[in-house]
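Thank you for making time for this one today. Please bring up the structure and keep the sequence beside it while I talk.

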Amino acid sequence: MKHMKKLLLVAALSCSTSSLAETIGVSMAYFDQNFLTIIRQAIDKEAKARGITVQFEDARGDVGRQTDQVQAFLSAGVDAIIVDPVNSAGTPAMTKLVSQAKVPLVYVNRTPGDKTLPAGVVFVGSDEKQSGTLQMEELARLANYQGNVGVMIGNLSDAGALQRTKDVEMVVAKYPKMKVVQKQTANYSRSEGMDLMLSWISNGEKIDIVAANNDEMAIGAIMALQQSGNKQSKVLVGGIDATPDGLNAMASGRMQVTVFQDAVGQGKASVDVAQRMIKGEKVSSWHWIPFELVTPQNMNKYQDK
């Protein structure tokens with residue numbers, strides 16, 4: 001069945017490449033994560049606006065499946081490939097595969113694990129050194145620079161999650177009355193974030209601040225606090241991404257901080273960079289889109305973004 005699906009993908013893409021000049025294959029780590037859905041929709045909209053045919057595939061969190069999808073795109077003769085990596089560790093093998101075929105490759109959102117990116121390979125995303133720092137500095141300020149911090153990590157194989165966590169730890173280390181007392185993974189998942197928070201609560205851990213690597217885990221923490229009967233006003237919760245659900249949580253007063261990561265901008269830029277490489281233009285290996293701090297005071301300007 002897996003082999004048949006791959007053959008059907010190759011056949012479908014082969015037909016499209018024969019009739020149109022520009023075709024891009026896109027492999028997303030997940031179709032069902034809110035932030036990645038926004039990126040995928042932005043890629044689709046931008047590609048259509050430029051007259052580019054785009055084929056999406058869902059890796060469903062499986063590096064092997066994503067590598068197979070990339071190979072299928074190459075076999076079909078696409079003009080460029082965009083990959084939202086399942087994890088950072090899996091990118092060097094894909095980089096080598098696509099580079100040997102001399103096809104432009106754009107990694108979007110999740111930082112690739114390659115030590116360097118060769119010519120024809122570009123990363124479009126945001127500098128994670130900003131994200132956790134913006135988040136934790138604002139949480140620290142709201143907490144009067146004191147309290148116990150619980151950190152929810154996206155996943156341990158994602159360079160972005162590790163950097164966000166390091167950012168939080170570096171900020172906390174600056175303030176003598178603050179301490180990281182818990183630090184565990186919840187895989188960017190709302191349900192896992194909820195389970196983790198419930199575990200911390202049931203174990204009697206005193207946590208004043210939750211710094212989650214994304215909004216989904218932050219929302220899970222909020223749900224756990226509500227379910228357990230804890231007074232939400234006593235625990236500060238921060239996320240990252242400024243997703244619609246995250247902004248709704250902030251509007252209701254349940255989340256105090258998030259950090260805007262421009263999903264639409266990343267999606268549009270990945271198509272732009274891919275097309276420029278198809279045309280033979282030279283582009284920088286790293287295309288940065290800045291993070292922005294979001295608070296209840298300025299959140300309205302991010303609703304439409």
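In what sense do strand S6 and S7 pair, and over how many bridges? This is a predicted model, so please take everything I say as computed from it. In that model, strand S6, which covers residues 147–153, pairs with S7 in the parallel sense, and the pairing runs over seven bridges. If you want a point of orientation along S7, look for Lys 183, which has Val 151 standing opposite.

These two strands belong to an open sheet of four strands, ordered S7-S6-S8-S9, with parallel pairing. Strand S7, residues 178–185, and strand S9, residues 236–238, are the edges, and because each has a single partner strand, one side of each has no neighbour in the sheet. Averaged over the sheet, and with direction ignored, neighbouring strands are turned by 15 degrees against each other.

Helix H7, residues 190–202, lies across S6, S7 and strand S8 (209–212), and its direction makes an angle of about 145 degrees with S6. Helix H8, residues 215–228, lies across S6, S8 and S9, and runs at about 155 degrees to S9.

Now to the aromatic side chains, where a search of the whole structure gives five pairs. One of them is Phe 123 with Trp 286, an edge-to-face pair with 5.7 Å from centre to centre and 65 degrees between the planes. Phe 123 sits in strand S5 (residues 121–125) and Trp 286 in strand S11 (residues 286–288), so this pair ties together parts of the chain that are 163 residues apart in sequence. Phe 123 is buried, at 0% relative accessible area, whereas Trp 286, at 30%, counts as partly exposed. A further pair is Phe 260 with Tyr 302, whose ring centres are 5.0 Å apart and whose planes stand at 50 degrees, so that the pair is classed as tilted. Phe 260 belongs to strand S10 (residues 258–260) and Tyr 302 to the segment after strand S12 (292–294), so parts 42 residues apart in sequence are tied together here. Both Phe 260 and Tyr 302 are buried.

Asp 241 lies in the loop between S9 and helix H9 (244–251), and it is buried, with a relative accessible area of 8%.

Finally, the charged pairs: the whole structure contains 16 salt bridges. Arg 110 and Asp 158 form one of them, with their closest N and O atoms 3.3 Å apart. Arg 110 lies in the loop between strand S4 (105–108) and S5, and Asp 158 in the loop between S6 and helix H6 (159–173), so the bridge ties together parts 48 residues apart in sequence.

Notes
Residues numbered from 1 in each chain as written. Predicted model: local features only at pLDDT ≥ 70, side-chain atom pairs only at ≥ 80, totals over all residues. Heavy atoms only, no water. Pairing = 2+ DSSP bridges. Axes fitted to C-alpha atoms, helices over the stretch in contact; angles between N-to-C directions. Contact = heavy atoms within 4.5 Å. Phe/Tyr/Trp six-rings, centres within 6.5 Å; stacked < 30°, edge-to-face > 60°. Buried < 20%, exposed > 50% of the residue type's maximum accessible area, 1.4 Å probe, protein only. Salt bridge = Lys/Arg side-chain N within 4 Å of Asp/Glu carboxyl O.
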